[in-house]
Amino acid sequence: MQYDVIVLGAGAAGMMAAFTAGRRGRRVLLVDHNDAPGKKILISGGGRCNFTNIHAVPERYLSTNPHFAKSAIARYTPADFIALVDSYGIAWHEKTLGQLFCDGSAKQIVAMLMQECSEAGVVTRFGDSPEVARDGDQFVVTLGADTMRSDALMLATGGPSIPKLGATSFAYDLARGWGLKIIEPRPALVPLKLPADEALFRELSGVATGVTARAERGPAFREAALFTHRGLSGPAILQVSSYWRGNGEQVSIDFLPGRQAGWLREVKRSAPQRTLGRVLAEALPDRLASALVDRLSIDGPLQMHGDKALEEAESRLADWRFTPNGSEGFAKAEVTVGGISTDDLSSRTMEAKRVPGLYCIGEAVDVTGWLGGYNFQWAWASGVAAGEAA
């Protein structure tokens with residue numbers, strides 16, 4: 001069976017690329033080893049699919065080449081995908097920080113994408129693991145007893161995050177076999193674990209509070225942090241985890257973001273009998289306030305402590321250092337940092353420079369967005385870029 005384009009992976013990027021190419025009159029086959037499309041879409045956003053972010057700009061993506069995402073993101077914007085969603089009458093809302101969710105179910109997004117594939121004449125084949133080879137200028141894909149050929153092949157099988165949904169390193173292995181470089185993948189948007197000497201904080205499991213968090217080599221994120229029985233989680237921590245490299249690197253947390261220097265000294269002067277525990281409990285959950293006071297060792301009324309001691313407490317509360325001893329790994333990671341090197345791809349078409357007809361899109365590529373719809377927007381944009389070129 002001969003096709004113009006075979007797309008491996010029926011996730012967000014794969015379905016987008018398939019129907020984009022199909023609209024151009026290309027004969028397209030969409031393949032997935034899972035028995036149904038969009039498995040990762042269906043669990044995203046608590047089942048409501050955080051399908052894009054209105055603030056999706058290239059600066060909010062991690063890549064060895066920070067400029068690579070600019071072309072695709074500029075040519076297919078959040079407004080473009082919103083228009084597609086609106087055309088299907090799918091109701092949505094902005095939750096926070098530009099994150100857009102379906103009012104109903106993520107199933108609506110998968111159904112929309114599959115309807116677009118159907119209308120574009122895309123042939124689908126689910127439930128078979130493909131074997132792939134190259135024969136001259138053509139790609140040969142074997143599915144069970146059937147052999148398909150195509151002029152173009154798209155790798156949209158993602159990275160190894162969330163293996164229970166069928167995620168594997170398939171795209172990396174195939175790309176590496178054809179001479180493409182792989183940037184070492186690591187878990188991203190993932191909870192971090194704390195060592196035994198931070199047991200005081202691990203005992204706060206279930207406590208959440210708004211913080212500003214930062215890894216040693218990344219931007220600051222002002223969102224919620226959650227203490228777990230193993231360490232740290234919550235949106236702020238998931239964000240910094242993408243920048244955290246391990247090897248003793250620290251994560252800094254400001255437990256009282258927005259406070260001006262000298263605020264604790266001012267409290268001492270206006271209410272000298274108040275204790276640090278009482279002051280912190282007005283802004284933080286009681287259990288967390290108690291744990292912080294225990295670590296700071298400032299007991300009794302504030303008037304008992306000199307200004308220097310209070311300034312040191314302020315500084316520590318604004319820059320509390322944790323040294324995670326690991327993450328929860330690919331099993332709990334929402335996405336993957338690293339992947340197929342952008343050095344080997346065209347930023348305009350996603351085509352491999354050394355393998356004509358091979359396109360790499362979505363999470364398989366070394367482009368990773370922030371938490372909150374950014375990775376879906378990269379999937380849509382890279383899928384369209386490849387679908388318009390193949």
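Ser297 lies in the loop that runs between helix 11 (286-296) and helix 12 (307-318), where helices are DSSP runs of H or I with at least four residues, strands are E runs of at least two, and both are numbered from the N terminus. Its phi is near 55°, a positive value in a residue other than glycine. The model is predicted, so local features need pLDDT of at least 70 and side-chain atom pairs count only at pLDDT 80 or more, while totals for chains, interfaces and linings use all residues. Residues are numbered from 1 along each chain as its sequence is written, and side-chain values use heavy atoms, with hydrogens and water left out.

Helix 11, which Ser297 follows, has Leu288, Ala289, Ala291, Leu292, Val293 and Leu296 as its buried residues; buried means under 20% relative accessible area, exposed over 50%, and partly exposed in between, with a 1.4 Å probe and protein chains only. These buried residues pack against several elements, among them helix 7 (199-202), strand 13 (208-215), strand 14 (220-227) and helix 12, contact being heavy atoms within 4.5 Å.

A positive phi also occurs at Leu189, at about 50°. Most residues other than glycine have a negative phi. Leu189 is found in the loop between strand 11 (182-188) and strand 12 (192-193), and is buried, with a relative accessible area of 2%.

Lys268, in helix 9 (residues 263-270), is likewise buried, with a relative accessible area of 16%. Its side chain makes a polar contact of 3.1 Å with that of Asp307; such a contact is a pair of N or O atoms within 3.5 Å, where within protein one must be able to donate a hydrogen and the other to accept it, and residues adjacent in sequence count only if both atoms are side-chain atoms. Leaving aside residues up to four places away in sequence, Lys268 touches Leu302, Gln303, His305, Gly306, Asp307 and Leu310.
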